Amino acid sequence: MTAPLRERTDSRIQGGEPAVRLDGVSKIYGQGKNGLLALDNVSLSVGQGEFVCMLGASGCGKSTLLSLVAGLDSPTAGRIGTEGRRIAMMFQEPALFPWLTVSANVEMAMRVQGVAKRERQTRAAEFLEIVHLGGFGDKRPHELSGGMRQRVSLARALAQDADVLLMDEPFGALDAMTRDLLHDELERIWRERGLSVLFVTHNVREAVRLGDRVVLLSSRPGRVVEDFPVTLDRPRHTDSAEVAKIAGAITGRLREEVMRHGS
Ligand SMILES: Nc1ncnc2c1ncn2[C@@H]1O[C@H](COP(=O)(O)OP(=O)(O)OP(=O)(O)O)[C@@H](O)[C@H]1O
(Lines give C-alpha, C1' and ligand atoms only; values in the text may rest on other atoms or scores of the structure.)
Protein backbone atom coordinates (compact mmCIF):
# COMPACT_ATOMS: atom_id res chain seq x y z
CA MET A 1 0.00 0.00 0.00
CA THR A 2 1.27 3.44 -0.84
CA ALA A 3 0.48 6.18 1.62
CA PRO A 4 -1.59 9.05 0.22
CA LEU A 5 0.32 12.09 -0.89
CA ARG A 6 0.06 14.89 1.57
CA GLU A 7 -0.90 18.26 0.25
CA ARG A 8 2.15 20.30 -0.67
CA THR A 9 2.49 23.58 1.17
CA ASP A 10 3.08 25.47 -2.05
CA SER A 11 2.22 28.81 -0.51
CA ARG A 12 5.82 28.76 0.74
CA ILE A 13 7.09 28.67 -2.82
CA GLN A 14 7.42 31.59 -5.22
CA GLY A 15 6.17 31.07 -8.81
CA GLY A 16 8.81 29.98 -11.33
CA GLU A 17 11.84 30.77 -9.17
CA PRO A 18 14.46 28.02 -8.99
CA ALA A 19 14.28 25.97 -5.79
CA VAL A 20 17.98 26.60 -5.15
CA ARG A 21 20.09 29.33 -6.65
CA LEU A 22 23.76 30.08 -6.12
CA ASP A 23 25.14 33.33 -7.54
CA GLY A 24 28.91 33.78 -7.55
CA VAL A 25 29.40 31.70 -4.42
CA SER A 26 32.91 31.37 -3.01
CA LYS A 27 34.01 29.73 0.19
CA ILE A 28 37.36 30.20 1.92
CA TYR A 29 38.12 28.10 5.00
CA GLY A 30 40.43 29.83 7.46
CA GLN A 31 41.99 33.24 6.99
CA GLY A 32 44.95 35.08 5.49
CA LYS A 33 47.78 33.02 4.03
CA ASN A 34 46.37 29.90 5.69
CA GLY A 35 43.03 30.38 3.96
CA LEU A 36 41.89 27.55 1.69
CA LEU A 37 39.75 28.44 -1.30
CA ALA A 38 37.26 25.56 -1.52
CA LEU A 39 34.71 27.03 -3.93
CA ASP A 40 35.35 29.79 -6.44
CA ASN A 41 32.57 31.87 -7.95
CA VAL A 42 30.05 29.05 -8.36
CA SER A 43 26.75 29.90 -10.01
CA LEU A 44 24.21 27.12 -10.23
CA SER A 45 20.49 26.60 -9.94
CA VAL A 46 18.14 23.71 -9.29
CA GLY A 47 14.70 24.26 -10.78
CA GLN A 48 11.53 23.32 -8.94
CA GLY A 49 11.05 19.60 -9.32
CA GLU A 50 14.42 19.20 -10.97
CA PHE A 51 16.93 16.45 -10.18
CA VAL A 52 20.48 17.75 -10.46
CA CYS A 53 23.51 15.53 -9.90
CA MET A 54 26.92 16.93 -9.07
CA LEU A 55 30.23 15.25 -9.85
CA GLY A 56 33.81 16.27 -9.26
CA ALA A 57 37.21 15.11 -8.09
CA SER A 58 37.71 14.30 -4.44
CA GLY A 59 38.05 17.44 -2.35
CA CYS A 60 36.65 19.80 -5.00
CA GLY A 61 34.07 21.23 -2.62
CA LYS A 62 30.89 19.22 -3.26
CA SER A 63 30.07 18.67 0.42
CA THR A 64 30.99 22.27 1.13
CA LEU A 65 28.47 23.40 -1.48
CA LEU A 66 25.72 21.26 0.05
CA SER A 67 26.42 22.51 3.55
CA LEU A 68 26.21 26.12 2.32
CA VAL A 69 22.85 25.43 0.62
CA ALA A 70 21.62 23.75 3.81
CA GLY A 71 22.60 26.86 5.77
CA LEU A 72 25.04 24.90 7.97
CA ASP A 73 27.79 27.33 6.97
CA SER A 74 27.98 30.73 5.23
CA PRO A 75 29.61 31.59 1.91
CA THR A 76 32.58 33.96 1.97
CA ALA A 77 31.19 35.71 -1.11
CA GLY A 78 28.11 35.45 -3.30
CA ARG A 79 24.51 34.68 -2.58
CA ILE A 80 22.44 31.56 -2.01
CA GLY A 81 18.68 31.67 -2.48
CA THR A 82 16.36 28.95 -1.18
CA GLU A 83 13.54 31.31 -0.25
CA GLY A 84 10.83 29.75 1.84
CA ARG A 85 11.84 26.21 1.07
CA ARG A 86 12.29 23.46 3.55
CA ILE A 87 15.55 21.62 3.09
CA ALA A 88 16.50 18.14 4.24
CA MET A 89 19.87 16.49 3.94
CA MET A 90 20.92 12.88 3.52
CA PHE A 91 24.45 11.58 3.96
CA GLN A 92 26.36 8.42 3.08
CA GLU A 93 25.92 7.29 6.69
CA PRO A 94 22.25 7.33 7.67
CA ALA A 95 23.13 8.68 11.15
CA LEU A 96 20.11 7.20 12.90
CA PHE A 97 19.79 7.20 16.68
CA PRO A 98 20.65 3.56 17.51
CA TRP A 99 18.67 3.48 20.76
CA LEU A 100 15.44 4.65 19.11
CA THR A 101 13.08 2.53 17.04
CA VAL A 102 12.82 3.13 13.31
CA SER A 103 9.50 4.89 13.85
CA ALA A 104 10.92 7.13 16.61
CA ASN A 105 13.81 8.07 14.32
CA VAL A 106 11.36 9.18 11.64
CA GLU A 107 9.19 10.94 14.22
CA MET A 108 12.13 12.97 15.51
CA ALA A 109 11.82 15.68 12.85
CA MET A 110 8.12 16.10 13.62
CA ARG A 111 8.80 16.10 17.35
CA VAL A 112 11.10 19.08 16.86
CA GLN A 113 8.27 20.79 14.96
CA GLY A 114 5.88 20.17 17.90
CA VAL A 115 3.57 17.71 16.10
CA ALA A 116 1.39 15.78 18.59
CA LYS A 117 2.38 12.20 19.41
CA ARG A 118 -0.60 10.40 17.80
CA GLU A 119 -0.19 12.37 14.55
CA ARG A 120 3.57 11.79 14.56
CA GLN A 121 3.06 8.06 14.80
CA THR A 122 0.47 8.01 12.01
CA ARG A 123 2.62 10.10 9.72
CA ALA A 124 5.78 8.12 10.50
CA ALA A 125 3.90 4.96 9.49
CA GLU A 126 2.88 6.68 6.22
CA PHE A 127 6.46 7.72 5.46
CA LEU A 128 7.72 4.22 6.21
CA GLU A 129 5.11 2.85 3.77
CA ILE A 130 6.37 5.27 1.11
CA VAL A 131 9.90 3.86 1.44
CA HIS A 132 8.55 0.29 1.54
CA LEU A 133 9.33 -0.26 5.22
CA GLY A 134 5.77 -0.63 6.47
CA GLY A 135 5.83 -2.99 9.45
CA PHE A 136 9.43 -2.18 10.41
CA GLY A 137 8.60 0.76 12.68
CA ASP A 138 9.32 -1.17 15.90
CA LYS A 139 12.74 -2.41 14.81
CA ARG A 140 16.00 -0.81 15.91
CA PRO A 141 18.45 0.41 13.23
CA HIS A 142 20.95 -2.41 13.90
CA GLU A 143 18.27 -4.95 12.93
CA LEU A 144 18.10 -3.52 9.40
CA SER A 145 20.38 -3.85 6.36
CA GLY A 146 22.37 -0.89 5.07
CA GLY A 147 19.84 -0.27 2.29
CA MET A 148 16.94 -0.37 4.76
CA ARG A 149 18.71 2.08 7.04
CA GLN A 150 19.10 4.48 4.10
CA ARG A 151 15.38 4.09 3.44
CA VAL A 152 14.72 5.12 7.05
CA SER A 153 16.97 8.10 6.49
CA LEU A 154 14.94 8.99 3.39
CA ALA A 155 11.68 8.63 5.36
CA ARG A 156 13.13 10.93 8.03
CA ALA A 157 14.01 13.50 5.36
CA LEU A 158 10.46 13.32 3.96
CA ALA A 159 9.08 13.73 7.50
CA GLN A 160 10.69 17.16 7.55
CA ASP A 161 8.18 18.11 4.85
CA ALA A 162 11.13 18.99 2.66
CA ASP A 163 10.77 20.58 -0.78
CA VAL A 164 14.47 20.29 -1.42
CA LEU A 165 16.55 17.20 -0.79
CA LEU A 166 20.33 17.58 -0.57
CA MET A 167 21.99 14.19 -0.89
CA ASP A 168 25.70 13.64 -0.23
CA GLU A 169 26.67 10.26 -1.74
CA PRO A 170 23.69 8.64 -0.03
CA PHE A 171 24.12 5.27 -1.72
CA GLY A 172 27.94 5.25 -1.90
CA ALA A 173 28.31 2.51 0.72
CA LEU A 174 25.67 0.15 -0.71
CA ASP A 175 26.09 -2.83 -3.02
CA ALA A 176 25.09 -2.38 -6.67
CA MET A 177 21.79 -4.25 -6.47
CA THR A 178 20.57 -2.38 -3.39
CA ARG A 179 21.65 0.86 -5.00
CA ASP A 180 19.62 0.07 -8.13
CA LEU A 181 16.52 -0.57 -6.02
CA LEU A 182 16.99 2.65 -4.13
CA HIS A 183 17.44 4.57 -7.39
CA ASP A 184 14.02 3.32 -8.49
CA GLU A 185 12.46 4.26 -5.15
CA LEU A 186 14.08 7.65 -4.97
CA GLU A 187 12.96 8.42 -8.53
CA ARG A 188 9.38 7.43 -7.71
CA ILE A 189 9.31 9.55 -4.53
CA TRP A 190 10.96 12.50 -6.27
CA ARG A 191 8.27 12.44 -8.98
CA GLU A 192 5.30 11.80 -6.68
CA ARG A 193 6.26 14.54 -4.25
CA GLY A 194 7.63 17.06 -6.75
CA LEU A 195 10.92 17.35 -4.85
CA SER A 196 13.91 19.33 -6.05
CA VAL A 197 17.07 17.30 -5.56
CA LEU A 198 20.76 18.16 -5.51
CA PHE A 199 22.61 14.85 -5.44
CA VAL A 200 26.37 14.49 -5.00
CA THR A 201 28.05 11.33 -6.20
CA HIS A 202 31.37 9.95 -7.41
CA ASN A 203 29.55 7.45 -9.59
CA VAL A 204 29.09 8.85 -13.12
CA ARG A 205 26.54 6.21 -14.18
CA GLU A 206 24.51 6.90 -11.07
CA ALA A 207 24.51 10.60 -11.95
CA VAL A 208 23.29 9.85 -15.50
CA ARG A 209 20.75 7.29 -14.21
CA LEU A 210 19.15 9.87 -11.92
CA GLY A 211 19.84 13.40 -13.11
CA ASP A 212 17.94 15.78 -15.36
CA ARG A 213 21.31 17.48 -15.44
CA VAL A 214 24.80 16.51 -14.38
CA VAL A 215 26.98 19.36 -13.18
CA LEU A 216 30.71 18.81 -13.25
CA LEU A 217 32.89 20.73 -10.79
CA SER A 218 36.60 21.38 -11.35
CA SER A 219 39.27 20.16 -8.96
CA ARG A 220 39.75 22.48 -6.01
CA PRO A 221 38.84 25.24 -5.98
CA GLY A 222 35.47 23.98 -7.19
CA ARG A 223 34.10 25.83 -10.21
CA VAL A 224 31.36 24.72 -12.57
CA VAL A 225 33.18 23.24 -15.58
CA GLU A 226 30.25 21.88 -17.50
CA ASP A 227 26.53 21.27 -17.15
CA PHE A 228 25.34 18.19 -19.08
CA PRO A 229 21.59 17.89 -19.74
CA VAL A 230 20.37 14.27 -19.66
CA THR A 231 17.25 13.88 -21.76
CA LEU A 232 16.97 10.07 -21.81
CA ASP A 233 13.49 8.72 -21.06
CA ARG A 234 12.81 7.47 -17.54
CA PRO A 235 13.07 5.08 -15.92
CA ARG A 236 16.67 4.56 -16.97
CA HIS A 237 18.90 1.64 -16.23
CA THR A 238 22.41 2.08 -14.89
CA ASP A 239 23.67 -0.71 -17.16
CA SER A 240 21.97 0.46 -20.36
CA ALA A 241 23.98 1.37 -23.46
CA GLU A 242 22.43 4.87 -23.52
CA VAL A 243 23.47 5.61 -19.94
CA ALA A 244 26.93 4.13 -20.58
CA LYS A 245 27.43 6.36 -23.63
CA ILE A 246 26.66 9.61 -21.81
CA ALA A 247 28.57 8.44 -18.73
CA GLY A 248 31.58 7.74 -20.98
CA ALA A 249 31.57 11.30 -22.31
CA ILE A 250 31.27 12.77 -18.82
CA THR A 251 33.99 10.48 -17.46
CA GLY A 252 36.33 11.67 -20.24
CA ARG A 253 35.69 15.28 -19.24
CA LEU A 254 36.12 14.46 -15.55
CA ARG A 255 39.41 12.68 -16.26
CA GLU A 256 40.71 15.72 -18.18
CA GLU A 257 39.82 17.87 -15.21
CA VAL A 258 41.56 15.59 -12.71
CA MET A 259 44.68 15.22 -14.96
CA ARG A 260 44.89 18.98 -15.36
CA HIS A 261 45.48 19.19 -11.62
CA GLY A 262 47.63 16.11 -11.37
CA SER A 263 45.57 14.74 -8.49
N1 LIG B 1 35.59 22.78 7.95
C2 LIG B 1 36.63 22.81 7.15
N3 LIG B 1 37.74 23.51 7.49
C4 LIG B 1 38.81 23.56 6.68
N5 LIG B 1 38.87 22.98 5.45
C6 LIG B 1 37.79 22.28 5.07
C7 LIG B 1 36.63 22.16 5.89
N8 LIG B 1 35.71 21.40 5.21
C9 LIG B 1 36.30 21.06 4.06
N10 LIG B 1 37.54 21.59 3.96
C11 LIG B 1 38.44 21.47 2.81
O12 LIG B 1 37.76 22.04 1.69
C13 LIG B 1 38.00 21.26 0.52
C14 LIG B 1 36.67 20.78 -0.04
O15 LIG B 1 36.14 19.78 0.86
P16 LIG B 1 34.76 19.03 0.57
O17 LIG B 1 34.58 18.05 1.67
O18 LIG B 1 33.71 20.03 0.36
O19 LIG B 1 35.09 18.29 -0.80
P20 LIG B 1 34.31 17.10 -1.52
O21 LIG B 1 34.31 17.43 -2.98
O22 LIG B 1 32.99 16.88 -0.88
O23 LIG B 1 35.27 15.87 -1.21
P24 LIG B 1 34.99 14.30 -1.34
O25 LIG B 1 34.61 14.05 -2.76
O26 LIG B 1 36.30 13.68 -0.99
O27 LIG B 1 33.90 13.97 -0.37
C28 LIG B 1 38.95 20.13 0.94
O29 LIG B 1 40.27 20.51 0.65
C30 LIG B 1 38.73 20.02 2.44
O31 LIG B 1 39.87 19.54 3.08
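These are my notebook entries on a predicted model of a protein chain.

**Overall build**

I started with the whole chain. I counted seven helices and nine strands in the secondary structure. The radius of gyration came out at 19 Å, close to the 18 Å the globule rule gives for 263 residues, so the chain is as compact as a globular protein of that length. Along the principal axes, the C-alpha trace spans about 55 × 45 × 40 Å. I also checked burial: 38% of the 263 residues are buried. Of the contacts with a separation of 6 or more, 74% are between residues 24 or more positions apart.

**Domains**

Next I looked up the domain division. The chain splits into domain 1 (18-85 + 163-263) and domain 2 (96-161). Their centres, taken over C-alpha atoms, are 26 Å apart. Ten residues from domain 1 and seven residues from domain 2 make the contact. On the domain 1 side, α5 gives the largest share, five residues. I sorted that side by class and got eight nonpolar, one polar and one charged residues.

**The core**

Then I went for the largest nonpolar core. It has 65 residues, and Ala155, Leu165, Leu198 and Phe199 touch the most other members. The helix α4 supplies the largest share of this core, six residues. Both domain 1 and domain 2 give residues to the core, so it lies between them. A reminder to myself: nonpolar side chains tend to be buried together in soluble globular proteins.

I followed up on Leu198. Leaving out residues up to four places away in sequence, Leu198 touches Val20, Val46, Val52, Met54, Leu66, Val69 and Leu166.

**Helix α4**

I gave α4 its own entry. The helix covers residues 146-159, and its 14 residues reach 20 Å from the first C-alpha to the last, close to the 20 Å expected at 1.5 Å a residue. Is it enclosed or open? Eleven of the 14 residues are buried, so α4 is largely enclosed by the rest of the structure. I noted that the buried set holds Arg149, Arg151 and Arg156, along with others including Leu154, Ala155 and Leu158. What covers the buried residues includes β5 (87-90), α2 (102-112), α3 (117-130), β6 (164-168) and α5 (176-193). After α4 comes Asp161, with a positive phi near 55 degrees.

I also looked at Val112 in helix α2. Val112 and Gln160 are 48 residues apart in sequence, yet 9.5 Å apart in space, C-alpha to C-alpha. Val112 has 9 other C-beta atoms within 10 Å, so I put it down as exposed.

Most residues other than glycine have a negative phi, and most peptide bonds are trans.

Two cis bonds went into the notebook. The peptide bond from Arg220 to Pro221 is cis, with omega near 0 degrees. I found Pro221 in the loop between β8 (213-217) and β9 (224-229). Arg234 and Pro235 are also joined by a cis bond, with omega about -5 degrees. Pro235 sits in the loop between β9 and α7 (241-260).

For positive phi, I wrote down Ala95, at about 50 degrees. Ala95 is in the loop between β5 and α2, and with 13 other C-beta atoms within 10 Å it is partly exposed. His132 has a positive phi as well, near 60 degrees. His132 is in the loop between α3 and α4, and I count it as partly exposed, with 15 other C-beta atoms within 10 Å.

Methods
Residues numbered from 1 in each chain as written. Predicted model: local features only at pLDDT ≥ 70, side-chain atom pairs only at ≥ 80, totals over all residues. Helix = DSSP H or I, 4+ residues; strand = E, 2+ residues; numbered from the N terminus. Expected span 1.5 Å × (residues − 1). Buried ≥ 20, exposed ≤ 12 C-beta atoms within 10 Å, placed from the backbone. Contact = placed C-beta atoms within 7 Å. Rg over C-alpha atoms; globule rule 2.2 N^0.38 Å. Core = buried A, V, L, I, M, F, W, Y, C linked by C-beta atoms within 7 Å. Domains from an automatic or database assignment. Nonpolar A, V, L, I, M, F, W, Y, C, P; charged D, E, K, R; others polar.
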